[in-house]
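Reader: I have a structure open and would like to learn how to read it. Please take me through it feature by feature.

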Amino acid sequence: MTNHYIDLMNSDCILMMGANPAENHPISFKWVMKAKEKGATLLSVDPRFTRTSARSDFFMDMRSGTDIPILGGLIKYILDNNLYFKDYVVNYTNASFLVNPDFGFDDGLFTGYDPETATYDKTTWSFQTDDQGIAKKDPSLQDPNCVFQLMKKHFERYTIDRVNETSGSSKAKLEEFYKTYAATGAPDKSGTIMYAMGWTQHTTGVQIIRAMAMIQLLLGNVGNAGGGVNALRGESNVQGSTDQALLFHIIPAYMPAPRSNLESLEAYNATTPKSPDPKSANWWQNRPKYIASLLKAMYPDQDPAVSYSYLPKLDPGQNCSWLVLFDHMNQGKFRGYFAWGQNPAASGADSQKTRDGLSKLDWLVVANVFDNETASFWKGPGMNPAEVKTEVFILPPAVFCEKEGSVTNSGRWVQWRYAGPKPMGDCITDGAMALELLRRIRALYAEEGGAFPDPIMNLNTKDVADPTKKFPHDFDSKRVAKLLNGYFVKDVKIGDTTYKAGTQVPSFAMLQDDGSTACGNWVYSGAWTEAGNNMARRDKTQTEMQANIGLFPNWSWAWPVNRRVAYNRASCDPQGKPYAPHKAVIEWDGSKWVGDVPDGGWAPGEKHPFIMTAEGYARLFGPGLADGPFPEHFEAMECPFEEHPFSSRLHNPTALEFTGEAVKRAVCDPRYPFVGTTYRVTEHWQSGVLTRWTPWLVESMPQNFVEIDPELGKLRGIESGDKVIVENMRGKIEAVAIVTPRLQPLKAMGQTIHMVGTTWHFGWVHPTDGGDSSNLLTPAVGDPNTFIPETKTFMVNIRKA
Amino acid sequence: MQGKSFFVDLTKCTACRGCQVACKQWKKLPAEETRNWGSFQNPKDLSFITYKLVRMTEAMDGDKFKQWYFFPDQCRHCIYPPCKMVGDMFDDQAILHDEETGAVLFTEATKNLDFEEIRMSCPYDIPRWDEASNLQSKCDMCNDRVQNGLLPACVLSCPTGTMQFGDSDEILEIAKKRLEEVKKYKPNAALTDPNDVRVIFLTSDNPREYFRYAVASADIPKLSRKAALAKAIAPARQVFG
């Protein structure tokens with residue numbers, strides 16, 4: 001989230017699309033309802049009428065996978081009707097930048113496409129620069145090569161007729177939606193978006209979110225109260241795990257993972273973003289300080305230049321994302337796997353492929369609170385235990401409420417939790433497991449020797465383990481939290497102040513690139529300072545200005561530097577005056593900023609507000625993505641059409657797919673005529689490992705179900721409560737039918753489109769009549785940027801069981 | 001008015017069923033063995049072990065889908081509870097009326113009552129019966145919690161601000177004020193029997209579209225002969241106790 005949950009109440013218009021917050025983020029609705037009470041309009045756009053729709057002022061149904069046409073139509077509407085916030089667009093976005101004249105777009109492809117590799121050479125996706133290297137601009141936005149004009153040209157094709165034809169959403173509804181949302185472009189109004197996996201889980205997922213980010217920029221809705229681009233995280237600590245680099249392409253705090261072509265720390269640092277523009281803060285120019293401090297946190301006794309060589313390196317272009325890992329597992333490319341707090345045999349797309357992959361392993365370690373489809377995969381449906389060689393180890397972990405530590409919510413609040421009840425029996429914390437694992441590996445090295453022991457033997461444990469305690473009680477999350485904040489390794493003089501060795505750094509501004517500071521995660525710097533554990537603060541003190549927008553700066557701590565609304569300098573004009581004075585986030589009082597922690601303390605106009613891009617401007621033209629600088633509509637990898645009206649390219653030409661799997665996919669296949677989609681319900685959580693064993697929740701949602709519209713019910717002779725089979729070339733599931741008028745068939749491109757929606761909460765282990773995972777149906781194809789699987793749009797057939 | 005009341009603002013209810021589960025948790029009630037019956041709503045109905053149930057109704061406007069209505073059903077804790085009036089005729093210790101809170105409480109002595117009579121007496125169809133023990137049960141306003149200064153479990157669990165609980169006079173004021181706000185954009189909005197019960201719902205449309213027994217009504221023949229008789233003699237009786 002750029003903003004935070006409470007801030008939703010400041011919005012004039014909340015769009016809920018690609019998310020179902022009433023059901024999946026129930027607490028968020030406290031603030032959504034507050035916004036409504038204050039007069040906000042709530043918009044629900046979804047293929048189904050959901051519990052979110054029931055509380056919204058407006059509902060529009062749509063064909064799953066047509067978010068880009070709908071949002072592209074909104075961009076066109078805003079541009080055609082001059083509803084964009086002109087000062088904001090000119091001053092704070094790259095709308096005025098002149099693009100390389102060799103850049104172009106034709107029939108679904110941007111310049112630079114290589115069909116052999118299905119990737120783009122992005123050389124032409126660049127800006128014209130002056131002799132200092134700063135992008136040339138046309139603030140009048142008239143130059144035919146400026147971003148604004150190119151954007152206008154790109155979205156010319158997104159006419160309301162074409163959007164209607166593609167999405168099946170009615171023209172009247174589209175117009176009402178566009179008019180309502182575009183009204184938030186007034187300088188003192190704000191509109192916000194709540195999205196989640198309904199947007200990310202498509203082969204065009206990142207471009208859907210980019211389209212919305214562009215809309216927010218055109219309307220001046222980033223940086224202000226009640227605005228922003230707000231991703232609702234699907235787990236209570238997903239934000240935290242991302243911050244700590246759970247993903248393969250980054251190391252902690254969003255630094256790129258080292259690659260083997262960057263052999264030395266010097267070579268790594270040479271890739272640090274640079275800006276010749278003195279008005280660009282280019283915050284990432286500080287990266288050498290952060291990587292040196294991270295290395296010092298991991299290896300306190302080594303020079304960072306040496307410890308850089310300890311870090312594992314990906315090969316250039318190497319992809320270690322989820323789908324690729326399981327593809328490699330299937331090919332027998334690795335031997336062991338830790339499924340730690342995960343249930344991939346039910347949660348991963350194309351579950352059969354995932355389950356087959358597990359059977360190719362020598363060993364599998366499952367750390368989970370309850371038995372699940374992954375731990376017991378070897379005795380699951382279609383498996384012959386005698387033929388499965390995988391040895392499975394099950395570790396009993398402590399439950400979340402039994403552990404002390406921080407949880408980072410979607411709004412970036414890092415909140416400290418104390419341990420509640422003691423873990424049952426032999427259950428121990430995940431931290432204790434990891435620490436002991438390291439010690440056992442070290443013992444093996446000491447005993448048997450081995451290649452390259454230094455990264456293991458020298459790893460920092462003194463800042464992780466409490467020496468006064470013994471396993472499994474010595475893992476100390478307080479020490480880890482202090483290490484994440486960072487400390488001075490030796491006495492350091494900054495300005496007139498000397499910071500003593502061993503003291504906590506006050507913020508990441510004090511981190512050094514010479515090894516004199518250690519910091520496990522620079523964005524968490526400030527969370528545990530000499531003042532104490534700021535994450536544990538529960539102080540509701542606030543100024544009147546902060547109270548006005550529900551900002552609680554002394555309650556927990558938010559990264560970065562306790563800033564609650566990111567990019568907040570963009571909520572003020574270049575003189576520091578808030579565009580929306582009645583709900584100001586920050587304001588320049590003549591000598592300093594008041595309100596929230598600003599995005600840098602520079603005086604108004606001294607620096608461009610988007611400090612995380614090298615150029616300091618928000619990007620309407622986004623040259624960094626794998627599939628293009630502007631969003632473009634493509635059909636899902638499985639779809640009921642052979643063509644669509646935007647280009648002759650049916651699918652995203654850069655989507656992640658695996659050799660030989662196209663035969664398992666249905667495009668315009670009469671055997672699989674219905675659009676499948678998956679989702680969650682309030683009563684269960686993720687693959688259901690925790691909730692399926694909770695009797696009161698099973699009572700309220702006892703079995704997997706399939707929602708279909710009444711017309712499809714008639715077509716297939718299915719009535720509510722009937723057992724049905726949903727199937728495609730990858731698998732089949734049994735579930736109970738809910739035939740409901742909350743779903744309606746849609747007319748799109750001359751066809752009647754019926755949807756089959758189902759949850760992915762169930763699995764064969766428990767309850768035994770709950771039904772198996774609906775991920776048996778979803779395809780292993782992914783977005784080219786995030787590699788997230790396309791589980792929201794695929795093709796199926798449905799029949800009575 | 002003395003005692004405590006609930007205000008349930010259905011314009012804010014998302015049917016998350018936190019209240020339904022919180023009730024079972026506080027009351028240590030077992031889960032029912034349910035099957036999906038083609039609806040999100042489960043269990044299908046209130047029972048001896050289910051005091052709170054979020055009912056979900058898909059309403060049509062002709063052949064067009066209109067709204068998905070959510071109704072967290074529970075005992076309304078009537079100001080003049082007809083169940084007690086009927087119950088007292090059999091055993092005046094079976095159904096008690098808490099003087100302080102106004103909670104209507106079913107005791108072990110409900111086994112001495114005629115279940116059908118009691119259920120028929122309730123304008124909201126709340127009381128349920130256990131065949132084995134002949135006991136009756138329903139929501140008791142979390143009287144144990146309330147007597148100790150805590151909120152009822154369902155109210156505490158509500159994430160959206162749908163449920164509020166407090167002194168009856170204040171709650172009625174809040175309900176009336178909120179009704180006026182909602183009427184500005186939902187002209188058919190209504191409070192359900194606000195002067196007769198301690199659980200007041202705010203509906204944005206006709207309450208009957210939410211649930212048949214959302215409001216008491218003469219057109220539904222619920223009141224038994226005995227209850228009608230009891231009602232007739234009510235003024236002569238002591239209201240509490």
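Author: Start with one term: contact means heavy atoms within 4.5 Å. Keep in mind throughout that this is a predicted model.

Reader: With that term in hand, what covers the buried residues of H1(B)?

Author: The cover includes helix H22 (695–700) of chain A. From chain B it includes E2, strand E3 (64–73), helix H5 (153–157) and strand E8 (163–167).

Reader: Which residues of H1(B) are buried?

Author: Buried means under 20% relative accessible area. In H1(B) the buried residues are B:Cys19, B:Gln20, B:Val21, B:Ala22, B:Cys23 and B:Lys24. As a general point, an α-helix has 3.6 residues a turn, so residues three or four places apart point the same way.

Reader: Where in chain A is phi positive in a residue that is not a glycine?

Author: A:Val561 is one of these places, with phi about 40°. Another is A:Asn562, with phi near 65°. A:Val561 sits in the loop between strand E23 (557–558) and strand E24 (586–588) of chain A, and A:Asn562 is in the loop between E23 and E24 as well.

Reader: Is A:Asn562 buried or exposed?

Author: A:Asn562 has a relative accessible area of 11%, so it is buried. A:Val561 stands at 23% and therefore counts as partly exposed.

Reader: And the peptide bonds: which bond is cis in chain A?

Author: The bond from A:Phe471 to A:Pro472 is cis, with omega near 5°. A:Pro472 belongs to the loop between helix H19 (454–457) and helix H20 (477–485) of chain A. Chain B has a cis bond too, joining B:Asn42 and B:Pro43, where omega is about -5°. B:Pro43 falls in the loop between helix H1 (18–27) and strand E2 (53–61) of chain B.

Reader: How do I read the boundary between the chains, and how many residues are in contact there?

Author: Take the contacts, then the area. There are 38 residues of chain B in contact with 38 residues of chain A. The two chains bury about 3100 Å² between them, and 59% of that is on carbon and sulfur atoms. On the chain B side, B:Asn36, B:Phe40 and B:Phe65 lose the most area to chain A, together 21% of what that side buries.

Reader: Now single residues. Which residues is A:His154 in contact with?

Author: For such a list, neighbours within four places in sequence are left aside. A:His154 is then in contact with A:Phe105, A:Phe110, A:Phe630, A:Pro631 and A:Glu632. A:His154 lies in helix H6 (residues 147–154) of chain A and, at 5% relative accessibility, counts as buried.

Reader: Where is A:Gly770 placed?

Author: A:Gly770 is in the loop between strand E32 (755–759) and strand E33 (794–800) of chain A. A relative accessibility of 2% makes A:Gly770 buried. Its contacts, again leaving aside neighbours within four places, are A:Pro702, A:Gln703, A:Asn704 and A:Phe762. The C-alpha atoms of A:Gly770 and A:Thr613 are separated by 48 Å, and these two residues are 157 apart along the chain.

Reader: Stepping back, how do I judge the overall form of chain A, and what is its radius of gyration?

Author: Compare the value with that of a compact globule. For 801 residues such a globule would have a radius of gyration near 28 Å, and the 26 Å of chain A agrees with this. The C-alpha atoms of chain A fill a box of roughly 80 × 70 × 55 Å along the principal axes. Its secondary structure comes to 23 helices and 33 strands, and 60% of the 801 residues count as buried.

How values were computed:
Residues are numbered from 1 along each chain as its sequence is written. Chains are lettered from A and ligands numbered from 1 in the order in which they are written. This is a predicted model: local features need pLDDT of at least 70, side-chain atom pairs count only at pLDDT 80 or more; totals for chains, interfaces and linings use all residues. Side-chain values use heavy atoms; hydrogens and water are left out. Helices (H or I, at least four residues) and strands (E, at least two) are DSSP runs, numbered from the N terminus. The radius of gyration is taken over C-alpha atoms; the globule rule is 2.2 Å times the number of residues to the power 0.38. Buried means under 20% relative accessible area, exposed over 50%, partly exposed in between (1.4 Å probe, protein chains only). Buried area is the accessible area (1.4 Å probe) that two parts lose on being put together, summed over both.
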